[in-house]
Amino acid sequence: MKRVIAVVAAVGFAMLSAAPAQAASTTITVPFKKDQITWFTNARTITVAGSNIDARVALGGVMQLAWYKCGDRNTRGSFVRMEETRKHVGTNFRAGTKFCLASNSPYTEGTVGGTLWWSGN
């Protein structure tokens, strides 16, 4: 009987271990300025190989987001126009990648809030 319980417990643990990783997420507040890049220095780390960086912002103005390698502004993605739908800011990152965000707007300035997802999405 103890052996059966041990086997069932091991199978259950293996099933839990095989579950997909949950994406890390946070609520963000993003100020943006007309024709000026704002470089944020809050580093985040990709823990799951092949992960994307996604964001969704609330209505509040026309702004763009990009990822960049913290400490190296020359290594970055293209700016993505953000809207109220979830969009990729970058895709297919290696595990261990540290990234920061940058914002700007060619049209207006202001602040928006939203959600940022990375690692496992």
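Student: Which residues have the most contacts inside the largest nonpolar core?

Tutor: They are I53, M63, L65, M82, V89, F99 and L116, in a core of 19 residues. A nonpolar core here is a set of buried Ala, Val, Leu, Ile, Met, Phe, Trp, Tyr and Cys residues joined through side-chain atoms within 4.5 Å. Buried means under 20% relative accessible area, exposed means over 50%, and partly exposed is in between (1.4 Å probe, protein chains only). Keep in mind that this is a predicted model, where local features need pLDDT of at least 70 and side-chain atom pairs count only at pLDDT 80 or more, while totals for chains, interfaces and linings use all residues. Residues are numbered from 1 along each chain as its sequence is written, and side-chain values use heavy atoms, with hydrogens and water left out.

Student: OK, what's the mean pLDDT of the protein?

Tutor: The mean is 82, and 79% of the residues reach 70 or more. pLDDT is the predictor's confidence in each residue, from 0 to 100. Over residues 1–20 pLDDT stays under 50, and the model has 0 contacts there beyond four places in sequence; contact means heavy atoms within 4.5 Å. Where pLDDT is low, the predicted coordinates should not be read in detail.

Student: New topic: in what order do the 4 strands of the open sheet come?

Tutor: The order is β1-β10-β4-β8, with antiparallel pairing. Strands are DSSP runs (E, at least two residues), numbered from the N terminus, and two of them pair if DSSP finds at least two bridges between them.

Student: Which ones are at the edges?

Tutor: β1 (24–32) and β8 (87–93), each pairing on one side only. Further in, β4 (residues 51–57) and β10 (residues 110–118) pair over 4 bridges, and A55 stands opposite L116 in β10.

Student: And Q64, is that buried or exposed?

Tutor: Q64 counts as buried because its relative accessibility is 18%. Q64 lies in strand β5 and its contacts, leaving aside neighbours within four places in sequence, include F79, M82 and P106.

Student: How many salt bridges are there?

Tutor: The count comes to 4. A salt bridge is a side-chain nitrogen of Lys or Arg within 4 Å of a carboxyl oxygen of Asp or Glu. One of them joins R86 and D54 at 3.0 Å, N to O. R86 sits in the loop between β7 (80–81) and β8 while D54 is in strand β4, so the pair ties together parts that are 32 residues apart in sequence.

Student: Is D54 buried or exposed?

Tutor: D54 is buried, at 6%, whereas R86 is partly exposed at 39%.
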